Amino acid sequence: ENGHLAANLPWPQSTQLYLPFNELSTDANGDTTTSFADFSGSNQSATCTTATCPTAGNLGFTGSGLTFDGVDDELSVTSFIDPGSGSFTAAAWINVDSLVGTQTILSQQSGTTWLGVNGSGNLFTNLGGSLASSAAVTTGVWHHAAVTYDGSTLSLYLDGQLADSAATTVSASSGDLRLGLSETGGNRLAGGVDEIVVIADAVST
């Protein structure tokens, strides 16, 4: 391993969630899209209520992506992973609109923030303590964010490069995954999200 996480891997069989977000802004009935398909084969999906759905059909990193308004947009995925039970990887492409306050990319209800960006633009995770990148994201630019855990070491990656790591224990949690807001409902994300992936393995190259 050389500290690099490939941002465009062919995802392995241990992939538990893959959300490419290629849906249009409205469904076949002309209603706001409220469900986003999982292509991992695990039959998960991300859902929202009409009033709190991010806007689909906008330009993503690859094809279409979602835009979160930083006010009330959010998605939820029914619980399928306990980060304290073993190895995992969570990754996403993000494109933040501004650097004002803390913004959550991915969190777990009754758990903690898996991936977020602070007010200085540093990527962070609160899994097993707190890790943060020294480099900052740039507004209006797509960046790849990822966190991995191999059962003993938690690692944070920004744009495919190892940003921080620590030997730690990740606490158990069985809550739903939440996209665009923290586990307590705050720290809303304003900007684009694409290609969410969760894998039951610590993926690095």
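Trainee: How many disulfides does a search of the whole structure find?

Mentor: One disulfide turns up in that search, where a disulfide is a pair of cysteine sulfur atoms within 2.5 Å. Before going on: this is a predicted model, in which local features need pLDDT of at least 70, side-chain atom pairs count only at pLDDT 80 or more, and totals for chains, interfaces and linings use all residues. Residues are numbered from 1 along each chain as its sequence is written, and side-chain values use heavy atoms, with hydrogens and water left out.

Trainee: Which residues does the disulfide join?

Mentor: C48 and C53, with S to S at 2.0 Å. The link of C48 and C53 is right-handed, with 100° about the S-S bond.

Trainee: Are C48 and C53 buried or exposed?

Mentor: Both C48 and C53 are buried. Buried means under 20% relative accessible area, exposed over 50%, and partly exposed in between (1.4 Å probe, protein chains only).

Trainee: In what sense do β1 and β16 pair?

Mentor: Antiparallel, over four bridges, with β1 covering residues 15-19. Two strands pair if DSSP finds at least two bridges between them. L17 has V198 in β16 as its bridge partner.

Trainee: And how many bridges join β7 to β16?

Mentor: Seven, and β7 (residues 88-96) runs antiparallel to β16. I94 stands opposite V193 of β16. Strand β5, residues 64-69, also pairs with β16 in the antiparallel sense, over four bridges. There, T67 is opposite G192.

Trainee: Rings next. How many aromatic pairs does the whole structure have?

Mentor: The search finds four. One of them is F88 with W114, a tilted pair at 5.2 Å centre to centre and 40° between the planes. Rings of Phe, Tyr and Trp (its six-membered ring) pair if their centres lie within 6.5 Å; planes under 30 degrees apart count as stacked, over 60 as edge-to-face and the rest as tilted.

Trainee: Where do F88 and W114 sit in the chain?

Mentor: F88 is in strand β7 and W114 in strand β9 (residues 113-117), 26 residues apart, so the pair links distant parts of the chain. Both F88 and W114 are buried.

Trainee: Why does the pair of F88 and Y149 count as tilted?

Mentor: Because their planes are at 45°, with the ring centres 6.0 Å apart. Y149 lies in strand β12 (residues 143-149), 61 residues from F88. Y149 is buried, as is F88. Ring pairs link F88, W114 and Y149 into a cluster.

Trainee: Now D72. Where is D72?

Mentor: In the loop between β5 and β6 (75-77). D72 is partly exposed, at 28% relative accessibility. Leaving out residues up to four places away in sequence, D72 touches A51, T52 and R188; contact means heavy atoms within 4.5 Å. D72 and L189 are 117 residues apart in sequence, and their C-alpha atoms are 9.0 Å apart.

Trainee: Last one: which strand holds A37?

Mentor: Strand β2, residues 35-37. A37 is partly exposed at 30% relative accessibility. With the neighbours up to four places away left out, A37 touches Y18, L19, P20, E23 and Q44. E23 is 14 residues from A37 along the chain, with 8.2 Å between their C-alpha atoms.

Technical notes:
Helix = DSSP H or I, 4+ residues; strand = E, 2+ residues; numbered from the N terminus.
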